[in-house]
Amino acid sequence: MRIIVPMAGRGSRLRPHTLTVPKPLIPIAGKPIVHRLVEDIAGVINQEIEEIAFIIHKDFGDKVPGELIAIAEKLGAKGTIYYQHEPLGTAHAIMCAKESMSGPVVVAYADTLFRADFTLDTTADSVIWVKQVEDPSAFGVVQLDGNNQIVDFVEKPKEFVSDLAIIGIYYFKSGETLRSELQFLLDNNIVKGGEYQLTDGLENMKLKGMKFVPGKVEEWMDCGNKNVTVETNSRMLNFLHQDGVHLVSEKVKLENATIIPPCFIGDDVVICNATVGPNVSLGNGTHVTDSTIKNSLVQTHAHIKNAVLDNAMIGNHAAFDGKFTAISIGDYSVLE
């Protein structure tokens, strides 16, 4: 089994946080989004992972490839780095990793997290992971027949056809078949909005009689902007707490401090005259003094004092001293 992870560019909806840290590497409950994603996929497919191929942009910097390869190696897999130099669509991004498209593959976009408890149907040609949603008009959805097979893909339907939204994770029994179908799109310049789309390849595969089935997830968590990323951090903390995962490092220094779970507290964090939690992540080396923090995500080596924070997201090495209640501070920012 191989996993292919298109990571695209840094994105703009999470600025300034993504100016120095690519969005997939922003930590959720103490672990980068993409790390949690591939771990959770590994848990669902319950198969040995031979390789994880990451498709990144050159502006991710020199350190990112090594970090991604380390993530793959922690799962016992080979890590491979590919580059997408132009944003030419989902199919084009996947094809940047065409050399890794052999045997069974999972394609997963690195800006989403999920919770699922289903058995992967490896007899199907493809499994498309979906989540039931209240407003399907905002998503691409799948339509099922009476045999629970996917018979149609509909992008943002104006009239109701299905409430099963595509979350951006796909299983293909044959990576070679997927590669051939996507290569056809590129060779014949089949584009929509100037981009090569994976859904066009899926449609061609379906027309050839290939069997598509849904994999239904229980929870789908987005990391598209600051507010939903903070919310996702809170939800993930609650899931991990319920699972009995130990989230507070033993290398924490507390002085007249209270931690209200669930919280992730990293190594060498100092909390003095402060209350932290619930639903707070504090990255390694962060110092919190004379403050109250809840429902917030703080990355590494930040210094926070005299603060009352709720729904806050603070980047690496940021310094904050104030009374604001809803903020978004990027890496190396200082508010005094």
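In this predicted model, helix H4 and helix H5 cross in a right-handed sense. Helix H4 spans residues 175-187 and helix H5 spans residues 198-207; their axes come within 9 Å and cross at roughly 115 degrees. On the H4 side, the contact is formed by Thr177, Leu178, Glu181, Leu182, Phe184 and Leu185, which meet Leu198, Asp200, Gly201, Asn204 and Met205 of H5. Classified by residue type, this contact comprises six nonpolar, three polar and two charged residues.

The crossing of H1 past H2 is right-handed. Val34, His35 and Val38 are the residues of H1 in this contact, and they meet Leu68, Ile71 and Lys74 of H2. Four of the residues in the contact of H1 with H2 are nonpolar, one is polar and one is charged.

Two cis peptide bonds were examined in the loops between strands. The bond from Pro261 to Pro262 is cis, with omega near 0 degrees. Pro262 is placed in the loop that runs between strand E14 (253-259) and strand E15 (263-265). Gly277 and Pro278 are likewise joined by a cis peptide bond, for which omega is about 0 degrees. The loop that holds Pro278 lies between strand E16 (270-276) and strand E17 (280-282).

Positive phi values were also considered for residues other than glycine. In Asn273, phi is positive, at near 50 degrees, although the residue is not a glycine. Asn273 belongs to strand E16. The relative accessible area of Asn273 is 34%, and the residue is partly exposed. His301, also not a glycine, has a positive phi of about 55 degrees. With a relative accessible area of 39%, His301 is partly exposed.

Note on methods
Residues are numbered from 1 along each chain as its sequence is written. This is a predicted model: local features need pLDDT of at least 70, side-chain atom pairs count only at pLDDT 80 or more; totals for chains, interfaces and linings use all residues. Side-chain values use heavy atoms; hydrogens and water are left out. A crossing is left-handed if the near helix is turned anticlockwise from the far one by less than a right angle, and right-handed if clockwise. Helices (H or I, at least four residues) and strands (E, at least two) are DSSP runs, numbered from the N terminus. Contact means heavy atoms within 4.5 Å. Ala, Val, Leu, Ile, Met, Phe, Trp, Tyr, Cys and Pro count as nonpolar, Asp, Glu, Lys and Arg as charged, and the others, Gly among them, as polar. Buried means under 20% relative accessible area, exposed over 50%, partly exposed in between (1.4 Å probe, protein chains only). Axes are lines fitted to C-alpha atoms, for helices over the stretch in contact, and angles run from 0 to 180 degrees between N-to-C directions.
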